[in-house]
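Morning, everyone. I'd like to walk through one model today, sheet by sheet and helix by helix. Here it is.

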Amino acid sequence: MPRVLLIEDDAAVRDGVSLALRRRGHDVAAAASGEEGLAALPGFRPDIVLLDLMLPGKDGFEICRLIRAERQLPIIMLTARGDDLDVVLGLEAGADDYIVKPARGEVLEARIRAVLRRTALPADGAPATEPGPSPVETYGELAIDRAGLVVTKSGQDLALAPSEMKLLLFLSATPGQVFSRQQLLEHVWEHSYHGDARLVDACVMRLRTKIEDTPRSPRYVQTVRGFGYRFGPL
């Protein structure tokens, strides 16, 4: 089962979430502050981080950026109901998804599994079946190794967060095809009923800063106004 690092200063929420996840077989390390959570990362080596945004000391936004600077761990932020600005800022800081508190154990489990699937599967959602190395796809200066989950630009490895990687893999699988935000939510985030288009827009923004020469004039991930996004054509 995935190892979960929970960073949450509210003791009641921390205990409740920890108990719910442990009952489902997860190994959980709980931290009451961002600094404590950062200190736990090297020794605990989590598979995913659940991060509260409103923390004492360094807040969740700063902790998210600090984690992203060193690791491409999946990060799900925990937010209070109605905190629209917090959601946007958290996604822009690098979070892969968010959960509104309080959340039932089955919701936590489903969201954790959905986020982790993005790091393990190619864009079509099916595991690779052919043995041996797979060909690397090249688009301009961008090279995509689907099997190895490696993306390079001009020969330099790009550090992509799980949602950024999955979005790029999905879009580049069918260059030129336009996908609506709802379609991307369903295929990339697996949000069929409670999708939030801000997840898509924030992820596109972060991805463009990493793969595009000029993010405001993108070559790779292009906006089709009134419809959605597409990869290319170059």
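Which residue in β9 is the bridge partner of Thr-152? The bridge partner is Asp-157. Before going on, the ground rules. This is a predicted model, where local features need pLDDT of at least 70, side-chain atom pairs count only at pLDDT 80 or more, and totals for chains, interfaces and linings use all residues. Residues are numbered from 1 along each chain as its sequence is written, and side-chain values use heavy atoms, with hydrogens and water left out.

Element names next. Helices (H or I, at least four residues) and strands (E, at least two) are DSSP runs, numbered from the N terminus. Two strands pair if DSSP finds at least two bridges between them.

On angles: axes are lines fitted to C-alpha atoms, for helices over the stretch in contact, and angles run from 0 to 180 degrees between N-to-C directions.

Now the five-stranded sheet. This one is also open, ordered β2-β1-β3-β4-β5, with parallel pairing. β2 (27-31) and β5 (97-101) stand at its edges, each with a single partner strand, so one side of each is left without a neighbour in the sheet. From one strand to the next, the twist averages 20°. Five bridges join β4 (residues 75-80) to β5. Among these strands, Leu-78 has Ile-99 in β5 as its bridge partner.

What lies across this sheet? α2 lies across β1 (3-7), β2 and β3 (48-52), at about 165° to β1. α3 lies across β1, β3 and β4, at about 155° to β3.

Those two helices also meet each other. α2 (residues 34-44) and α3 (residues 60-70) pack at about 20°, with axes 10 Å apart. That makes them roughly parallel (angles under 35 degrees; over 145 is roughly antiparallel, 65 to 115 roughly perpendicular, the rest oblique). The crossing of α2 past α3 is right-handed, meaning the near helix is turned clockwise from the far one by less than a right angle. In contact, which means heavy atoms within 4.5 Å, Gly-34, Glu-35, Leu-38 and Leu-41 of α2 meet Ile-63, Leu-66 and Ile-67 of α3. That contact divides into five nonpolar residues, one polar and one charged. The classes: Ala, Val, Leu, Ile, Met, Phe, Trp, Tyr, Cys and Pro are nonpolar, Asp, Glu, Lys and Arg charged, and the others, Gly among them, polar.

Next, α3 with α4 (residues 84-93). Their axes come within 9 Å and cross at roughly 15°. α3 and α4 are therefore roughly parallel. α3 passes α4 in a right-handed crossing. Phe-61, Cys-64, Arg-65 and Arg-68 in α3 meet Asp-86, Leu-89, Gly-90 and Ala-93 in α4. This contact has four nonpolar, one polar and three charged residues.

How do α7 (residues 181-189) and α8 (residues 197-211) pack? At an angle of about 85°, with axes 9 Å apart. That makes α7 roughly perpendicular to α8. Arg-181, Leu-184, Leu-185 and Trp-189 in α7 meet Ala-197, Leu-199, Val-200, Asp-201 and Cys-203 in α8.

One hairpin. Four bridges join antiparallel strands β10 (residues 221-224) and β11 (residues 228-231). Gln-222 stands opposite Arg-230 in β11. Three residues lie between the strands, and Gly-226 takes a positive phi near 85°.

Last, some backbone and charge details. Lys-101 to Pro-102 is a cis peptide bond, omega near -10°. Pro-102 sits in the loop between β5 and α5 (105-120). Arg-45, in the loop between α2 and β3, has a positive phi near 50° without being glycine. Salt bridges (a side-chain nitrogen of Lys or Arg within 4 Å of a carboxyl oxygen of Asp or Glu) come to 14. In one of them, Asp-27 pairs with Arg-3, closest N and O atoms 2.9 Å apart. That pair links β2 to β1, 24 residues apart in the chain.
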